[in-house]
Amino acid sequence: MVFSLAEKKQRPLNFCIIDEIDSILIDEARTPLIISGQAEDSSRMYALINTIIPVLIRSKDEEANKNNEEEDFWIDEKNRQIEISEKGYEKNRALLNRSGRAG
């Protein structure tokens with residue numbers, strides 16, 4: 001430690017060492033780099049899905065979704081997932097069939 005800048009003996013820093021760089025570049029990556037060919041244009045599919053989602057009926061929880069014939073899906077906020085009921089799958093398939101995009 002020094003009390004004035006004139007007493008400082010350390011030269012300016014020119015590099016740094018990053019420990020566990022693999023963790024920073026690979027493990028913590030939110031969106032991995034994928035090197036591939038041209039992606040297909042799926043904007044029509046996104047527009048179609050945007051018309052289907054408002055038609056689906058949300059359940060208040062998993063048990064209500066399993067026991068109720070009217071509701072199509074429920075949101076598991078803890079795990080950040082959506083679970084679609086059997087009726088929800090059938091409804092989605094019917095709506096996609098009408099548009100000619102079912103698989």
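I began with arginine 58, which forms a salt bridge with glutamate 77, the closest N and O atoms being 3.4 Å apart. I keep in mind throughout that this is a predicted model. Arginine 58 sits in the loop between α2 and α3, and glutamate 77 in the loop between β1 and β2, so this pair ties together parts that are 19 residues apart in sequence.

Next I turned to aspartate 72, which counts as buried at 0% relative accessibility, because buried means under 20%. Its side chain meets that of lysine 87 in a salt bridge of 3.0 Å, N to O, and this links the loop between α3 and β1 to helix α4, 15 residues apart. Lysine 87 is partly exposed, with a relative accessible area of 29%.

I then found that aspartate 72 also forms a salt bridge with lysine 91, again with 3.0 Å from N to O. Lysine 91 lies in helix α4, so the pair ties together parts that are 19 residues apart in sequence.

Last, I looked at how helix α2 packs on helix α4, and I read an angle of about 130 degrees with the axes 11 Å apart, which makes α2 oblique to α4. The crossing is right-handed. Arg44, Leu48 and Ile52 in α2 meet Asn92, Leu95, Leu96 and Ser99 in α4, and I sorted these contact residues into four nonpolar, two polar and one charged.

Note on methods. Residues numbered from 1 in each chain as written. Predicted model: local features only at pLDDT ≥ 70, side-chain atom pairs only at ≥ 80, totals over all residues. Heavy atoms only, no water. Axes fitted to C-alpha atoms, helices over the stretch in contact; angles between N-to-C directions. Helix = DSSP H or I, 4+ residues; strand = E, 2+ residues; numbered from the N terminus. Parallel < 35°, antiparallel > 145°, perpendicular 65-115°, else oblique. Left-handed = near helix turned anticlockwise from the far one by under 90°. Contact = heavy atoms within 4.5 Å. Nonpolar A, V, L, I, M, F, W, Y, C, P; charged D, E, K, R; others polar. Salt bridge = Lys/Arg side-chain N within 4 Å of Asp/Glu carboxyl O. Buried < 20%, exposed > 50% of the residue type's maximum accessible area, 1.4 Å probe, protein only.
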